[in-house]
Amino acid sequence: MTKLVVLKFGDGNFNQGFAVTLQIGEEGDRPDSEITGRLSPCPEMPLYYSRWQFSYLQLGKTYRLDAEKIQVTNVSISQSCQDLAHALGARFNSWLRAEEFRLLREKWLEKLLPTDEIRVVLQTDNSQIQRLPWHLWEIFERYSKAEIAIASPTYDRILQPRTQNPKVKILAIVGNSQGIDTQADQTILQQCPNADVTFLVEPTRQELNDFLWGKNWDIIFFAGHSSSLGNDATGLIYLNKTDSLSINELRYALKQAIERGLHLAIFNSCDGLGLARELADLHIPQMVIMREPVPDQVAQEFLKYFLISFARGEPLYQAVRQGRERLQGLEDKFPCATWLPVIFQNPAQTPLTWQELVFTAQPEIPSSPPPSKLGWKSGLLSSLATTAVICTLRFLGVFQGVELLAFDQMMRSRPDEGPDPRLLIVTIDDADLVAQRRNGEILKGTSLSDKSLNALLTKLQQHQPRAIGLDIYRDFPAEQANLIGRLQKTDNLIGVCKGSDATANIKGIEPPPEIPQQRLGFSDFIHDADNVVRRHLMFMTPETASLCPAEYAFSTQLAFRYLLPLGIEPKFTPQRQLKLGKVIFPRLSSRSGAYQKIDANGGQTLLNYRASNMIAEKVTLTQFLSSPVNANAIKDRIVLIGVTARGDFPDYWATPYGKTLETQMPGVLVQAQMISQILSAVLDGRPLLTVWSPGVEIIWIWAWSLLGGILAWRWRSLPILLLVVCITSSVLYLLCLSLLIGGVWVAFVPSALALVGTVSIISIQHKTFYKSHKINN
């Protein structure tokens with residue numbers, strides 16, 4: 001799609017500088033980016049320009065100026081003109097490299113690719129800015145498909161009902177031709193394809209007025225002598241040897257022609273800025289003019305090159321650029337010929353191509369309506385094909401990464417559930433490590449000394465917690481006799497070890513030697529390819545040589561201990577799914593929802609994180625040991641003991657709530673999430689996360705694809721269709737979020753892609769069908 005870049009110049013002058021606003025966006029849409037900067041004062045710029053212009057006018061070529069101003073001289077100052085042109089271009093680019101203008105340049109380079117087709121509109125009423133050689137701006141060297149146009153700061157959009165011209169209607173006005181060859185212009189126009197050219201050769205004012213009123217014109221062309229007056233405020237065209245007139249003197253006729261469909265005016269004559277500024281007041285869509293006096297041969301060659309490109313389908317801006325750049329072959333005889341052609345644009349209008357001038361001239365409604373069967377059959381087949389492609393790509397795992405990111409976003413979007421009142425977490429942070437060392441306690445490679453652990457367990461047991469979870473590795477024997485006995489005899493204490501994994505060359509970590517096997521749980525987490533923990537490994541079969549003999553997870557063991565006094569014991573279904581009370585924990589398979597070909601060994605289920613800024617009440621080790629304790633905060637609760645320090649013993653994991661070091665979650669809090677999931681599901685009826693079967697998911701994706709086909713056939717206007725698709729996609733997201741809150745993870749990304757894909761296919765089919773239908777009619 002064509003990019004539209006607008007450079008708006010505010011109040012200012014070369015002595016004070018100019019405020020400049022840069023807007024970048026898609027053609028026909030609101031700007032995506034806007035930034036404001038300044039061009040610094042450059043009082044010498046008009047002097048550079050006037051020196052070059054004076055030298056250019058002294059070249060003595062046959063210009064299409066007022067016939068009385070034509071001069072021929074044998075004095076050659078071509079080299080001087082070229083030198084001054086080089087100096088002007090160098091100073092011009094130096095001005096545009098000013099620091100105050102740098103941010104606009106960087107924004108341009110950031111937003112636009114060298115391959116983009118770009119319309120650049122320079123919006124200013126300063127005639128000196130308009131005359132500068134903007135095509136020499138060095139940034140255009142990166143963009144082969146960019147062309148600049150001049151525009152007035154004030155403009156209006158004119159509604160132009162299209163007429164029924166079977167060909168492009170061109171009114172060619174051949175004015176006073178004294179000293180120039182306008183016959184070549186007429187020959188070039190006669191060779192244009194699909195064109196109906198009407199010639200007016202040296203007409204009177206009345207004849208021109210009548211022709212402008214008489215028919216609907218697409219293009220007006222003028223060849224002959226012209227000039228600008230009064231600082232480019234007005235322009236004159238010379239109709240014949242006796243009559244000249246300004247645009248204002250044809251105001252009503254031209255205004256009528258514009259309202260009836262006039263899209264383009266081409267003034268293949270000298271010094272056309274005055275003509276363009278007057279005609280812009282009538283809000284004509286586009287003009288192509290010569291900004292300086294133009295030699296006769298240059299005018300003819302540009303017209304030929306421009307019309308060849310434009311008539312064969314090139315956009316207007318590209319056709320002007322190609323015609324202008326091909327003039328470089330004449331610059332040995334006519335210096336700066338490539339400086340002369342320029343577009344004058346109404347910013348409210350979008351340029352039409354030559355073919356659009358022809359096709360839009362046809363009746364917009366086909367003579368016979370399209371077959372109604374094409375709609376539903378095409379929509380059905382397109383939705384089925386799109387669904388098949390999307391589901392195949394999903395099966396291959398193409399969407400797994402982006403689906404997991406969408407899952408994370410939805411997890412973060414859920415309403416807050418508050419902390420779990422059944423849990424208390426005793427944390428060991430960096431300050432606790434410092435306090436233990438200050439007291440002369442030996443940590444022995446762990447975060448909790450024997451002395452502090454013994455004091456902690458002693459104080460906890462006084463208040464009768466239902467279970468205590470020690471989420472700290474102790475693969476060494478305790479040295480204090482009373483701690484050894486306490487570890488052995490505290491029946492509600494669960495210790496941790498880490499299982500081995502021969503495939504990943506992980507040996508594992510031994511459990512505390514004082515804690516028997518029935519009171520052990522493994523601490524292993526399963527993370528996805530992006531290192532995010534989204535699954536809960538509840539049980540597994542240890543490897544034969546594993547240092548950790550635990551079959552159940554640390555979190556599962558603590559949940560069992562909490563539920564046992566309530567008469568709830570673990571059972572297994574024939575499908576090896578864990579059952580607690582009436583709740584069955586669904587096991588993940590290698591293909592579950594967005595997951596494709598994952599390692600699903602062991603009892604894995606999706607981890608339904610508790611949507612809360614705080615999973616449970618927390619207290620630091622130092623606070624707990626040094627302060628009085630509220631017994632009700634401990635009695636019948638699960639007390640977790642774990643590390644939150646970021647210094648010596650970091651234990652942090654990426655979760656849907658954050659992947660960076662600053663946002664990762666301590667391992668003890670992840671354990672708390674897993675315990676809370678089990679208890680909340682069994683005791684509170686909180687939903688576990690499940691996925692639909694593959695067949696149901698395919699039907700779900702196809703339903704959204706089919707809806708996309710319906711939308712594409714219901715709304716044919718692209719802007720409206722885009723709005724409807726955006727609204728529908730938002731509804732899809734909210735529906736998927738609601739289902740996730742209810743415990744079902746459904747396919748959002750594949751469904752959205754199926755919706756957009758089918759809309760795109762049907763829209764392309766619709767455009768192609770109607771284009772061929774118009775041609776056939």
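**Reading the cysteines in a predicted model**

Tutor: Let's start with Cys270: its sulfur lies 15 Å from the closest cysteine sulfur, in Cys81, and that is too far for a bond. Keep in mind that this is a predicted model.

Student: Happy to start there. Is Cys270 buried or exposed?

Tutor: Cys270 has 0% relative accessibility, so it counts as buried.

Student: How many disulfides does a search of the whole structure find?

Tutor: First the general idea: a disulfide is a covalent bond that joins the sulfur atoms of two cysteines. Here the search turns up one. The partners are Cys497 and Cys548, with sulfur atoms 1.9 Å apart.

Student: Which parts of the chain does the pair link?

Tutor: Distant ones, 51 residues apart. Cys497 belongs to strand S17 (residues 493-497), while Cys548 sits in the loop between strand S20 (533-539) and helix H17 (554-563). Both cysteines, Cys497 and Cys548, are buried.

Student: Why is the disulfide of Cys497 and Cys548 called right-handed?

Tutor: Look at the torsion about the S-S bond: for Cys497 and Cys548 it is about 45°, so the disulfide is right-handed.

Student: And what is the nearest cysteine sulfur to Cys81?

Tutor: That of Cys336, 4.2 Å away. A disulfide needs sulfur atoms within 2.5 Å, and Cys81 is in no disulfide. Cys81 counts as buried because its relative accessibility is 0%.

Student: Stepping back, how many of the residues of the protein chain count as buried?

Tutor: Of its 777 residues, 55% do. The secondary structure of the chain comprises 22 helices and 30 strands.

Note on methods. Residues are numbered from 1 along each chain as its sequence is written. This is a predicted model: local features need pLDDT of at least 70, side-chain atom pairs count only at pLDDT 80 or more; totals for chains, interfaces and linings use all residues. Side-chain values use heavy atoms; hydrogens and water are left out. Helices (H or I, at least four residues) and strands (E, at least two) are DSSP runs, numbered from the N terminus. Buried means under 20% relative accessible area, exposed over 50%, partly exposed in between (1.4 Å probe, protein chains only).
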